[in-house]
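Take a look at the sequence and the model, then read on.

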Amino acid sequence: MHFDSRINRPTITTNDVVRPTLIEVDLSRLAENYHAIREQIGSAKIMPILKANAYGHGLVEVARLVESLGADYLGVAVLEEGILLREKGIQMPILVLGGILGNQVPYFLKYDLTITASSIEKLWQVDEIAEQLGSKAKVHLKIDTGMERIGVHYYNAGGLLEASVKCKHTDVEGIFSHFANADAADLSHARLQVERFEEVLSFYEKHSLPAPRLRHMANSGAILQLPEAYFDMVRPGLMLYGVYPSPEVARTVALRPALSWKSRVVYFKVIKPGHPVGYGSTWQSDHMVRAVTVPLGYGDGYFRSMSHKAQVLIRGKRYPVVGLISMDQIVVNIEWQSAYNDDEVVLIGEMGDEAVTVEELAEWAGTIPYEILTNINTRVPRVYIERQA
Ligand SMILES: *Cc1c(COP(=O)(O)O)cnc(C)c1O
């Protein structure tokens with residue numbers, strides 16, 4: 001049996017190499033996107049966002065790449081993502097962006113992960129636990145400037161900022177906020193959020209207190225559209241992976257997708273008219289067609305809601321997926337064209353002059369590119385390729 005050395009999946013050691021359905025991540029493209037963002041942001045620092053398995057691209061591999069590229073900070077959503085990165089040897093600073101509960105604090109300290117403090121009570125709790133454990137916590141304060149999710153409201157932030165300078169067992173190194181719609185064509189709400197954040201930051205100057213050294217706010221939408229929101233550091237997520245956050249966002253940075261989703265034909269047949277395909281018998285042809293079966297389905301994250309809309313590439317041509325998408329298989333109508341067992345099938349990515357994009361899948365599924373990428377199941381092996389410069 002041939003084992004491909006490019007495949008790097010420490011937790012699953014069987015059958016990933018032989019499974020024809022795989023995700024191919026182009027590390028060179030990720031690096032190009034990273035450099036394009038760097039170019040755009042001038043002297044600001046950069047915190048690549050790696051939550052949800054690095055938007056499906058593989059948490060540990062993407063972390064290793066951006067660490068080697070010299071990124072300043074990493075952002076993840078939940079504690080466990082941070083712990084996994086530490087266990088895999090990632091040494092750079094890591095901010096856990098989500099809300100926390102008290103029982104998690106000792107883990108943050110043990111693994112040297114930075115905490116998001118979203119209220120005075122949580123900040124005091126962190127400071128107290130750090131004291132008890134004879135440790136020093138690292139914290140970024142979270143200000144809600146118009147998202148109503150976590151964080152102290154901008155109009156109440158004074159108390160949190162005052163408390164933060166009194167903490168003895170906590171290094172409050174950052175303060176941040178998050179945009180609700182920086183990727184929109186209408187930026188009025190996003191601009192209001194920037195003004196509110198600036199108002200909060202002016203507290204330090206007014207009271208002659210030193211501001212935390214990392215003030216940050218910009219996600220992909222703001223990196224593309226709102227240079228006034230760069231502050232000390234930016235937090236690119238989706239754009240790092242080469243996908244624009246919305247159809248209307250200004251494409252001020254050139255990006256290319258790093259992820260391809262591929263499989264192979266495992267079965268070929270001729271379907272007669274009047275013989276419906278798949279569960280529920282929802283589709284049939286009124287003439288004889290050739291069809292192929294491809295071994296992936298909604299159990300891999302190929303959403304069932306794309307049934308009767310999705311298209312794939314085979315031999316450089318686009319063909320429709322027919323019938324309902326099953327958990328592990330799809331059927332593709334190739335009309336009277338040719339395709340053979342083992343032929344490559346592209347579900348996301350390029351083939352010849354054709355390409356199927358994440359944005360298209362999002363439209364077929366009635367969702368956003370973020371959800372397509374983050375739902376590609378971990379049972380789909382990830383293969384990493386690097387092009388020679
Ligand atoms: C997800 C996230 C980001 C990155 O958002 P993108 O739109 O993917 O760039 C930045 N900051 C926070 C707090 C996030 O949760």
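Helix H2 gives the lining of the largest pocket its largest share, 3 residues. Helices here are DSSP runs of H or I with at least four residues, strands are E runs with at least two, and both are numbered from the N terminus. This is a predicted model, in which local features need pLDDT of at least 70, side-chain atom pairs count only at pLDDT 80 or more, and totals for chains, interfaces and linings use all residues. Residues are numbered from 1 along each chain as its sequence is written, and side-chain values use heavy atoms, with hydrogens and water left out.

**The largest pocket**

- The volume of the largest pocket is about 630 Å³; a pocket is an open set of points on a 1 Å grid over the protein atoms alone, with protein on both sides within 12 Å along at least five of seven lines.
- Among the 28 lining residues (those with an atom within 4 Å of a point), Lys 51, Tyr 55, Arg 149, His 178 and Tyr 370 are the closest to the pocket centre.
- At least two lining residues come from each of H2 (51-55), H9 (220-225) and H11 (369-374).
- By type, the lining has 15 nonpolar, 8 polar and 5 charged residues; Ala, Val, Leu, Ile, Met, Phe, Trp, Tyr, Cys and Pro count as nonpolar, Asp, Glu, Lys and Arg as charged, and the others, Gly among them, as polar.

**The domains**

- The domain assignment gives domain 1 (42-241) and domain 2 (259-385), with bounds from an automatic or database assignment.
- Because both domain 1 and domain 2 give residues to its lining, the largest pocket lies between them.
- Taken over C-alpha atoms, the two domain centres are 39 Å apart.
- In domain 1, 8 residues are in contact (heavy atoms within 4.5 Å) with 8 residues of domain 2.

**The cavity**

- There is 1 cavity of 30 Å³ or more, a cavity being a set of grid points where a 1.4 Å probe fits but cannot get out.
- The largest cavity holds about 40 Å³ of space, and its lining includes Lys 142, Asp 144, Arg 149 and His 178.

**Strands S1 and S19**

- Strands S1 (residues 22-26) and S19 run parallel and are joined by 4 bridges; pairing takes at least two DSSP bridges.
- Val 25 has Tyr 384 of S19 as its bridge partner.
- From S19 (residues 382-385), Arg 382 and Tyr 384 point one way and Val 383 and Ile 385 the other, all of them buried (under 20% relative accessible area, with a 1.4 Å probe and protein chains only).

Terms used
Grid points are joined across faces, edges and corners, and a volume is the space filled by probe spheres set on the points. Buried means under 20% relative accessible area, exposed over 50%, partly exposed in between (1.4 Å probe, protein chains only).
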